[in-house]
Amino acid sequence: MNDTTTRANIIDAADQLFYRQGYEHTSFADIADVVQISRGNFYYHFKSKDEILDAVINLRLVNT
């Protein structure tokens, strides 16, 4: 996977998990497991959960 694809997969997985489990109940590990990447690779793309939330919100705004 290239960096752009990995980032997009992380955002997509986070969007789905946030919807199903809620933001507070979704961890980095949950998202990394769905995307099947290491936590280190995950942190390369996003430094905080708030960054992921921002990316999910931006994705939803673009798709409306």
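Start by selecting Ile-10, Ile-31, Phe-42 and Ile-52: they have the most contacts inside the largest nonpolar core, which has 16 residues. A nonpolar core here is a set of buried Ala, Val, Leu, Ile, Met, Phe, Trp, Tyr and Cys residues joined through side-chain atoms within 4.5 Å. Buried means under 20% relative accessible area, with exposed over 50% and partly exposed in between (1.4 Å probe, protein chains only). Helix 1 (3–21), helix 2 and helix 4 (49–62) each supply at least two residues of this core, and helix 1 gives the most, six. Helices are DSSP runs of H or I, at least four residues, numbered from the N terminus.

A word on what you're viewing: this is a predicted model, where local features need pLDDT of at least 70, side-chain atom pairs count only at pLDDT 80 or more, and totals for chains, interfaces and linings use all residues. Residues are numbered from 1 along each chain as its sequence is written, and side-chain values use heavy atoms, leaving out hydrogens and water.

Next, click on Ile-31, in helix 2. Ile-31 counts as buried because its relative accessibility is 0%. Beyond its neighbours within four places in sequence, Ile-31 is in contact (heavy atoms within 4.5 Å) with residues including Ile-10, Leu-17, Phe-42 and Ile-52.

Now show all of helix 2 (residues 28–35): its buried residues are Phe-28, Ile-31, Ala-32 and Val-35. Look down the helix axis, and these fall within an arc of 100° (taken from the directions from the axis to the C-beta atoms), so they line one face of helix 2.
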